[in-house]
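User: Hi! Could you walk me through this structure, starting with the ligand?
Analyst: Happy to, here it is.
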Amino acid sequence: MPIALPEPKGRQRDVVFMREEGHLVVLGTAGSGKTTMAMHRARHLAGLPETGGRTLVVTYANSLTSYMRRYLTTVEGVTVQTFHKFAFDYLERRRGRSGKGTIHRELRKNLIERALHEVRAGTEKPLRAVAERPLAFFDDEFKWMAGHAATAHEDYVVNRVERVGRGRRLAAEDRAFVHRVYERYIELRGAYGHPYDYDDLATVLRTALENDDSARWYRHIVIDEGQDLTPEMIRALAAAIPEDGSLTFFGDYAQQIYGSRMSWKQLGLDLVRGHRAEFSDNYRNSRSISLLAQAIAESPHFKDEVDLVQPRTPAADGPPPTVIACRTAEEQLKRAAEQAAKLSRTGRVAVLLRHWKHAEEFARRVAGLKPVKLQKDKIKRWPEDARLFYGAFHGAKGLEFDSVILPLCDAGEMPPAEEVEAHGLDEAQARNARLLYVAVTRARSELILLHSGRLTGLLPGEESGLYLRGR
Ligand SMILES: Nc1ncnc2c1ncn2[C@@H]1O[C@H](COP(=O)(O)OP(=O)(O)OP(=O)(O)O)[C@@H](O)[C@H]1O
């Protein structure tokens with residue numbers, strides 16, 4: 001028996017039953033039913049008598065994929081996959097080329113480091129500031145370049161394809177330096193026998209699909225959490241449907257961590273002949289949690305956004321979020337463990353941390369409660385009976401819990417010092433404010449934040465009255 005979903009209401013109905021041809025973009029605030037309606041729409045499209053057919057539901061994170069499968073597993077014609085799984089499967093099936101050509105993350109980092117070292121050594125002194133940036137900056141920049149198809153010298157250095165959300169723009173000479181490191185990395189990667197890396201996969205897939213005129217396997221594609229996909233991933237998916245098929249994109253740009261904003265046309269979506277809809281009712285969070293989330297979203301760190309849907313404040317009552325001050329980080333984890341044990345007796349609880357290493361430290365304290373790890377690439381089947389979940393903020397994308405506990409909301413942890421060093425304060429704050437927004441909006445009714453140093457400036461001040469001090 002499939003698990004029941006709430007019935008679509010108002011705007012949601014229009015979206016689920018919208019015309020099954022062309023492109024449809026649905027933007028909605030957190031908790032507005034995007035994932036739920038993505039599942040309804042997939043079921044509808046697969047079952048249509050003539051215009052229906054095999055339907056693919058795509059997300060970025062694996063835990064959300066397993067969460068959705070519990071509803072869709074018995075629906076004929078619907079497949080739920082991460083983007084990367086879809087890409088690997090297609091390339092293997094159609095081209096006999098597996099994903100094995102991709103490079104392991106550790107080797108990638110080593111090779112970028114080597115390239116950086118060599119290019120630094122061969123560059124006239126004094127070096128520009130960009131050359132002294134840490135490895136994390138180059139790693140991230142190469143990801144961005146691949147995701148935006150901006151790896152060519154012409155695009156990255158000459159035309160300087162804009163990177164939205166960046167605190168300070170890179171000067172042309174800086175881009176030239178970064179590109180020299182990139183080119184050297186590609187040479188090294190090739191020498192190690194890897195034609196592409198994980199980030200190039202979308203371009204490899206898009207190119208393969210654009211040159212493939214055989215019949216498409218899926219007639220309809222539904223994307224959930226679309227803001228997490230790079231432009232190249234979206235273009236690849238747009239190329240994966242037939243002329244008479246459809247692509248439905250659900251997303252929320254407030255939950256996008258890295259600036260990727262481009263016009264829909266640049267993303268390969270045709271909204272002239274397609275449609276666009278917005279969801280603004282929040283069905284998940286209590287009023288007080290939603291007000292705190294809105295205050296985070298209204299902070300100056302959310303600048304540059306054009307496609308944010310203004311949420312309507314939900315009516316559901318709930319206790320105000322609580323902020324607990326502790327003496328040490330150790331004590332924070334201890335208190336979080338106590339609260340998690342208590343709250344998981346009556347509902348589903350997630351303890352989310354900014355860093356994996358801290359999440360693992362937390363897990364050791366609650367080992368007896370058998371907590372489930374929320375990891376991008378781990379949960380294969382959704383654990384129906386589990387009460388306690390833990391992980392890094394990223395792993396909770398798209399999910400929801402009765403209670404959410406966020407330890408280490410200290411100014412020194414959020415944003416983390418390494419991110420400030422790699423990307424500068426503005427950009428690190430922007431990214432972390434968005435992550436915090438995602439984490440806060442996972443909570444249905446109870447939200448607890450802990451700190452021991454100064455509270456992160458990404459939260460509104462105490463005078464806002466949006467949270468209570470607890471002990
Ligand atoms: N029409 C509805 N009636 C009742 N509950 C609903 C309705 N639509 C959605 N919900 C509930 O609201 C909650 C949030 O829905 P969902 O997870 O689909 O939102 P979302 O927009 O994908 O959120 P996010 O982007 O924050 O992950 C879920 O518990 C869902 O069951």
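User: Which residues are closest to the ligand?
Analyst: The closest are Ala30, Gly33, Lys34, Thr36 and Tyr283, out of 18 residues that surround the ligand (a residue is near if its C-beta atom, placed from the backbone, lies within 6 Å). This is a predicted model, where local features need pLDDT of at least 70, side-chain atom pairs count only at pLDDT 80 or more, and totals for chains, interfaces and linings use all residues. Residues are numbered from 1 along each chain as its sequence is written.
User: Which helix gives the most to that shell?
Analyst: Helix H2 (residues 34-47) does, with three residues (helices are DSSP runs of H or I, at least four residues, numbered from the N terminus).
User: And which domains does the shell draw on?
Analyst: Domain 1 (11-96 + 200-279) and domain 3 (287-469) each supply at least three residues; domain bounds come from an automatic or database domain assignment.
User: New topic: at what angle do H5 and H8 cross?
Analyst: The axes of H5 (residues 105-121) and H8 (residues 172-191) cross at roughly 130° and come within 8 Å. Axes are lines fitted to C-alpha atoms, for helices over the stretch in contact, and angles run from 0 to 180 degrees between N-to-C directions.
User: So what do we call that arrangement?
Analyst: H5 and H8 are oblique to each other (under 35 degrees counts as roughly parallel, over 145 as roughly antiparallel, 65 to 115 as roughly perpendicular, the rest as oblique).
User: How far apart are the C-alpha centres of domain 1 and domain 2?
Analyst: They lie 31 Å apart, and domain 2 covers 105-192.

Notes
Helix = DSSP H or I, 4+ residues; strand = E, 2+ residues; numbered from the N terminus.
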